[in-house]
Amino acid sequence: MPFEGVLTLVDSPSDKAPSGARGHRVVLTRDAAEAALPSLLGMAVDFKTGWDGHDAKQKCGIITAARIEDNAVHVSGYLFARDFAEMMAEMHAHGDEALGMSYELADAHVENMRADTWRLTRATFTGAAILLRTKAAYRNTSFRVARAGSVAASCSTRRQRPREDRAPAMRPMPARRREVETVR
C-alpha cells in the first residue's frame, strides 16, 4: 500500500526534544538534510503500538523516494499492509490529520553540545516511524496512505503483464526427459 508524508522540517527547531537528544530541541540544517537524503532510500518505516514512539522491531514499510521541498523533507514508499492488517485499521481509524512521522538518525554531529537547541550539521538517516502528530518532535509532520493518482500510488496501479509475456524465469519450465551419459 503506497504512503506519503512529511518526515521532518529543515532549518526549523523541533517543537519538543526528540528521543536521544537529552532534552534538547534540535534543528536539522538544510545542508545536513540534503547530504543525508540518499540514506533514506530503502530504509524501513516502523510503528509502535499506541502510536507514541519508535519500535525498530515493528518494521511495517519501506521508503522508496525522498525530496526536500521548501523546508519539508517529503518521503513516500510502501507499507506491508497485508502483514499489518490491524495497523492499517488503526491508521484509518485515526485519520490522515492525526498521524505524523519521526526520523531515526545515526552519526549525528551537533554543532554545539552546550546550546539549548542543538543544530545538527551532519547525520545519516536510518529509518522513520509513523506516530501521532502530538507525540512527534515536529508537530508539522504528516503521514497518509496515498490516494489513487498520487505519485506514490502510480506504481500500484500498473497492470501486470500477461503470463506468456513474462520473463522466462517466471514461466514454468516444460517437463523434459534428461538422459545421463556416463563416461568410463
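Predicted model: local features only at pLDDT ≥ 70, side-chain atom pairs only at ≥ 80, totals over all residues.

With 0% relative accessibility, T8 counts as buried, since that is under the 20% cut-off. Setting aside neighbours within four places in sequence, T8 is in contact with L28, N71, A72, V73, Y103, Y138 and T141.

**The overall layout**

- The protein chain holds two helices and eight strands.
- Going from the N terminus, the order of elements is β-β-α-β-β-β-α-β-β-β.
- Of its 184 residues, 39% count as buried.
- Among contacts with a separation of 6 or more, 65% are between residues 24 or more positions apart.

**The nonpolar core**

- The largest nonpolar core is made of 40 residues, and L7, L79, M91 and I130 have the most contacts inside it.
- Strand β7 gives the most to this core, with six residues.
- What does L79 touch, leaving out residues up to four places away in sequence? The list is M1, F3, C60, G61, M87, M88, M91, I130, F143 and V145.

**Helix α2, one side in and one side out**

- Helix α2 covers residues 85-94, and M87, M88 and M91 are buried in it.
- Looking down the axis of α2, you'd find its buried residues within an arc of 100 degrees, so they line one face of the helix.
- Which strands do the buried residues of α2 pack against? They pack against β3 (44-47), β4 (59-69), β5 (72-79), β6, β7 and β8 (142-145).
- After α2 comes G95, which has a positive phi, near 85 degrees.

**The largest pocket**

- The largest pocket has a volume of about 500 Å³.
- Its lining is made up of 29 residues, and P18, S19, G20, A21 and Y103 are the ones nearest its centre.
- Y103 also turns up among the residues in contact with T8.
- Strands β1 (2-9), β6 (99-110) and β7 (117-132) each supply at least two residues of the pocket's lining.
- The largest share of that lining, eight residues, comes from β6.
- By type, the lining residues divide into 18 nonpolar, six polar and five charged.

- Most residues other than glycine have a negative phi.
- D11 isn't a glycine, yet its phi is positive, at about 55 degrees.
- You'll find D11 in the loop between β1 and β2 (25-28), and its relative accessible area of 46% makes this residue partly exposed.
- D107 is not a glycine either, and its phi is also positive, at about 55 degrees.
- Is D107 buried or exposed? It lies in strand β6, and at 62% relative accessibility D107 counts as exposed, because that is over 50%.

**A proline in a loop**

- P38 belongs to the loop between α1 (30-36) and β3.
- With a relative accessible area of 55%, P38 is exposed.
- P38 and T124 are 86 residues apart along the chain, and their C-alpha atoms are separated by 9.0 Å.

Conventions. Residues numbered from 1 in each chain as written. Heavy atoms only, no water. 1 Å grid on protein atoms, 1.4 Å probe; cavity = no way out; pocket = protein on both sides within 12 Å on 5 of 7 lines; lining within 4 Å. Points joined across faces, edges and corners; volume = space filled by probe spheres on them. Helix = DSSP H or I, 4+ residues; strand = E, 2+ residues; numbered from the N terminus. Nonpolar A, V, L, I, M, F, W, Y, C, P; charged D, E, K, R; others polar. Core = buried A, V, L, I, M, F, W, Y, C linked by side-chain atoms within 4.5 Å. Buried < 20%, exposed > 50% of the residue type's maximum accessible area, 1.4 Å probe, protein only. Contact = heavy atoms within 4.5 Å. Arc of directions from axis to C-beta.
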